[in-house]
Amino acid sequence: MVDRTDSTKTTTVLYVIVVVVAVLIGTVLAPVVWSATQSSSGDSGDPTVSVITLRAGTDAGPVNDIKEDLRQARTNESVEAVVLRIDSPGGAVASSEEFYLAVNRTAAQMPVVAYVEGTAASGGYFGIAPADRIFVKPSSTVGSIGVIVSAPLSTVEQSEAQSKAYLRTGPDKATTEKDQLREQMETLHNAFVDTIVKHRGANLSMNRSGVAHGEAYIGPAALRNGFADEMGDLNSAIAEAATRADGIDGDQYNVDYNEPVSPSGGSIVLSEDPARVDGNVVYVDGSDDGGTEFQQPYEFHAVWGVPVTEDAPEVNNESE
């Protein structure tokens, strides 16, 4: 005769064991599954809003990283819109232009919404000008439309003396004059202002001269003069981008957060062992191999404020 009591007890014990094991497995795997879903949602095939973050100046290294993030968004069929989260005071004009061109190309293919987390000034604002909508906080800073040039005084003041040290194919070969620098700076400035007026003209409450003045504005002022469109946070920007995307229906979409681009972005290849490391700055003692090292005679910047160096002389007379 079968003992049904023992059989029932055995079945109950096995059932409890199976349930406990299932709970343990779920507890272990749930965070892994959640993390994988958050980090790879852009590749799941579902409609996705890609959040691309720049927390650095618009110099070559960070901009190259942002350009790659934007390229991946454009080539990913599941990405329907992009949110640019930005905190940048600007940087070199050349790389700021690269930033702008990458954003403009992306905005031609899908909605792009900008969210100013901290600052989007000068080259940083230049880059987000093509955005369909710009969100700010009360403490956000935007604007500073202008260009400055940095050049050693010896490059300008001693250009005639330097030209006599070499034979040149023409009188203008590698020479620099103050008037020439001013003319080039004005050309770049006009191009900068033209770009802002082109993309923001319908929203601006000021004329072209006001834009060219170069003032920076905090959130409420930026809303009044048209440098920004709406007050809100990152979630507000994401919701706006999703609303503008043709491939997103309601709130049925994923959000893919890219790794933020920071000042340490970009790769630096060192041919010498580092002599000293100070934060993100690596100092290298290069060997004197007798070669000729190229030195950029001057550089144009689209940056909020004026770069200051310890050895920079004080210049009081700007009329010269």
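I began with S7 and strand S13 (residues 299-303), which pair in the antiparallel sense over three bridges; pairing requires that DSSP finds at least two bridges between two strands. Strands here are DSSP runs of E with at least two residues, helices are runs of H or I with at least four, and both are numbered from the N terminus. Ile 148 sits opposite His 301 in S13.

I noted that this is a predicted model, where local features need pLDDT of at least 70, side-chain atom pairs count only at pLDDT 80 or more, and totals for chains, interfaces and linings use all residues. Residues are numbered from 1 along each chain as its sequence is written, and side-chain values use heavy atoms, with hydrogens and water left out.

Next I checked the strand order: S3-S13-S7, an open sheet of three strands with antiparallel pairing. Strand S3 (90-92) and strand S7 (148-150) each have a single partner strand, so one side of each lacks a neighbour in the sheet.

Then I looked at helix H3 (residues 93-107), which lies across S3 and S13 and runs at about 120° to S3. Angles run from 0 to 180 degrees between N-to-C directions, with axes fitted to C-alpha atoms, for helices over the stretch in contact; contact means heavy atoms within 4.5 Å. Helix H7 (residues 178-200) touches S7 and S13, at about 35° to S13.

Last, I turned to S2. Strand S1 (residues 48-54) runs parallel to S2, joined by seven bridges, with Val 49 partnered by Ala 81. S2 also pairs in parallel with strand S4 (residues 112-121) over six bridges, and Ile 86 stands opposite Val 116 there.
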